[in-house]
Amino acid sequence: MSGAADLNRNRAVDWALMVYILLAYAFVFAPIAASFVFSFNSDRFPSLPLGEFSLEWYRAVANDPLVWQGARNTLLVGVAVGVISTVLGFGAAYTDYRYRFAGKQVYLALALLPPTIPVVILGLAMLAYLSRINLSGNALSVIISHVVVCAPFAMAIIRLRLSQMDPALEPAAWNLGASEWAAMRHVIIPFCAPAILGALFITMAVSFDEFAVAWFVSGLNETLPVKVLGFLQGQVSPRINAIGTFVFILSMKLVILAQLLLSGRSARVPEKE
Amino acid sequence: MTRDTLVSFEGVVKRFGAFVAVQKLDFEIKKGEFLAIMGSSGCGKTTTLRMLAGLEAPTEGVIRLAGKPINDLPTWCRDTPMVWQSLALFPFLNVRENVEFALKMRGVGKAERRRRAEHWLERMQIAEFAERNISQLSGGQRQRVALARSLVVEPEILLLDEPLSALDAALKVRMQSVLKNLQRETGITFVYVTHSQSEAFSMADRVVIMSRGKIEQIGTPQEIYRTPRTRFVADFLGSSNLFTGTVRKAGAGLELDSPVGRLRLAGGAEAGTSATITVLDTKTHLSVAPPAGNVNAVPVRVIGEEFVGATATVYLETAQGQEIRVQKGHDELADLPLGIGQPLFAWWMPEDAHLVAEG
Amino acid sequence: MVPEPQALTLPAGGASLPAGAPSAGVRPTMRRRISLYGMTFALPLLIWQILFFFFPLVFLVALSFWTVRNFAMQPDFDTVNWATMYGRTVFWQAYGTTLALAAAASVLTSLLAFPAAYAIAFKLSDSARRWAIFLMVIPFFTSYLVRVYSWQIFLSDNGIINVILGWVGLGPFPMLNTVLATMIGYLTLSFPLVVLLQLFSLAFIDRTLIEAAHNLRCGRVRTVFEVVIPSARTGLVIAALFAFILSFGDFVSPIYLGGGDPTTLSILITDTTKSGQQWPRAAVIALTMIGTLMVVAFAAVKFAYKGKST
């Protein structure tokens, strides 16, 4: 901040804005924190004052074989979705980076639009369509629908990385004797490696949390978020807090890992002269 | 085509959609020469270099390398390594791996790769940085890595696309002599694209000046400097005074009837045509009184003065508003009154003027 | 020293062609055709999205013309579903409700988010701003559903807020199953995204513009309205659009916080699918929603970029 800006500051307004920022974050984190706190609380109907510290809900979750099955499915689906989304997203990001062609706008629209369609509609359309082609009701259908929503995120993350690349790098590799495939392997992929891993983790995390589409699409093989929705629909139980906290910690690990990769030393663009 | 021709451009045209980047290029590059292609942004010089490298395909015409047409040869099948303006060093590889890259792509074995890379690392005096990351190097060191990376395949020709533009002035001059010596010692043909007159003229054996996708002049730096062939070249170099008018007979000789007066011509022009002559600013002289003898003199007023090192440039203006520059050593100007507005005479010998083509 | 003629410092490749022409130096493009190599990268996502995104939406259109007999769907071409749904007041009530709720959520979220985005953009140090952005991203990776359930703990009659109010002798106020609760749910959904989008558009404002405004005796508040908001308009409108889209399609908040009353279109869709296999009618609702979103998005984008060259 320059001196001139300091001169023009008004302390009261600055304080009010700081307090406002704190309130905004309090609003955002209140439900997350409450979910965490009450997952260790013994009360059946959580509220203040807090009951005793208890691992009861974790025990209840751990003893429910359906939850374990759901957790296994969540992980399986998450990993598959992460890998497929990243591979597809990488291809599209590279296409956008490298080529110009007629109909590119349409291509990009198809690639990027799915996340803007409300999940209710997407879920309805997919369940109707997938059951029509006999693909509904299994883990495969969940993977298919998650990839539709997750691949655009992977594409955006990798495209951002490609835009940080010196545009001369790939032609330089060709010029030194690398065929297009060799340049892909020895230049483009190494350069994008942090973003590729970042996209992998982020799409996995998104898949863990994506539940509404799965709710419509999945039949018997429920993923964890579907299970959560089941709890809500039926009898509300603080078990949801235990599951939520567990999924949150898993997701955050992936996100922080991705964050480290995307901003770490290896990802840094070499400084210009 | 002669035996010492390495590259020839034959009627090469490059269009991007409706835009013509290069129109009808016909010229040759000799074996072992240092050729500079010079022009301002958008003149087609970089496109020309990229076509030679195989990064763009010519729309029309043929490019030959050592006699063989190479139009359809992808860049990875040509031995035309390039040094990029941004250098384009691979940031995820260290110095040694960067230098070994081309050999690896050609399937050279590990030990052989290391040996040949070592040779060029030492030759470019960067062996001590071999294990460093690119981001840890200075600008000059990166330049050397880029050169080593391209030269490691021992090519017949090296392409350079404004490689010095990112360096500061002092380092630029040092690298110019590094490049010139390297070229002389290795005998590799250098094709050097630049917009900088000082770079082109101080290093190149021959200079190609391009404008709007066409060649304006090819020649040694001396030739181009002394006798710019077209008005564009004279303007571009900015070191000549230009006068345009109609050629008339005057007794036994010829005269140019120009806005600043009648100027005697040494010959070469045809009466009745319009013509432009150029006079180098170093061949234009100043005096207080109108000079005697068979010279052209124009009355002018001083409008400014500029000093660079041992020389000074005096800017003058004729009564008609045309600017004239005169470049001299300080001692040659010591006796002249040079206050702003001071009336003087600018003069030159008719044989020091050259006719140029319009355009 | 010899003067350099037109010594432009532009990168040679990019500057060597006029605007509009394909810039040969900047793009690594070498051939005009997309080769087998290019297809390998371009096609997989395209095929996936055509098969599993475009076709389902097309199928939804077809589905809306099917008929249901004896709780079984039959391929057909009948406008009966459209006529039935559009003839029901329940549908139009839900449509009006959803539109009003989403518009209110969009305005409310934008208004509440702006001071936060403004303060983060202009009042925090660089490192504090990075932390603020990181913290704002975290909610994207927590289950929205879990957060909504958590709000129930706060808002219910015996919930945290009413207990605290009880300590000072107030309440209890019924808050769950009200429009207020639905709005809190919408805010939970879109507030972090709107703050981030507003923040990024504010971050691109040239600081000297603001100093110039101060220098021209434009007061602090006036500068916000005369300089900051117009400069960031595109981003602010796009942020509001996202809040609208998210709230318009959300079914979690209206059900679990709003108690399903008033009925929104998303609730109507889930109800319709559950009752008697009326998928074609649900398709009619879904298509109407997509149409509405497209019109709103088009209008918003048009407004966002009004008076800008690109």
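## Basis of the model

The model is predicted, and local features need pLDDT of at least 70, side-chain atom pairs count only at pLDDT 80 or more, and totals for chains, interfaces and linings use all residues. Residues are numbered from 1 along each chain as its sequence is written, while chains are lettered from A and ligands numbered from 1 in the order in which they are written.

## Domains of chain B

Chain B is assigned domain 1 (5-226) and domain 2 (237-356), with bounds that come from an automatic or database domain assignment. Taken over C-alpha atoms, the centres of domain 1 and domain 2 of chain B are 40 Å apart.

## Helix 2 of chain B

Helix 2 (residues 95-105) of chain B is largely enclosed by the rest of the structure, because eight of its 11 residues are buried. Helices (H or I, at least four residues) are DSSP runs numbered from the N terminus, and a residue is buried if 20 or more other C-beta atoms, placed from the backbone, lie within 10 Å of its own.

The buried residues of helix 2 include B:V95, B:R96, B:E100 and B:F101, and the buried residues pack against helix 3 (110-123) and helix 4 (139-151) of chain B. After helix 2 of chain B comes B:G107, which has a positive phi near 75°.

## Contact between chains A and B

In chain A, 18 residues are in contact with 20 residues of chain B, contact being two C-beta atoms, placed from the backbone, within 7 Å. On the side of chain A that touches chain B, the elements giving two or more residues are helix 8 (169-175) and helix 9 (180-209) of chain A, and helix 8 gives the most, with five residues.

Conventions
Buried ≥ 20, exposed ≤ 12 C-beta atoms within 10 Å, placed from the backbone.
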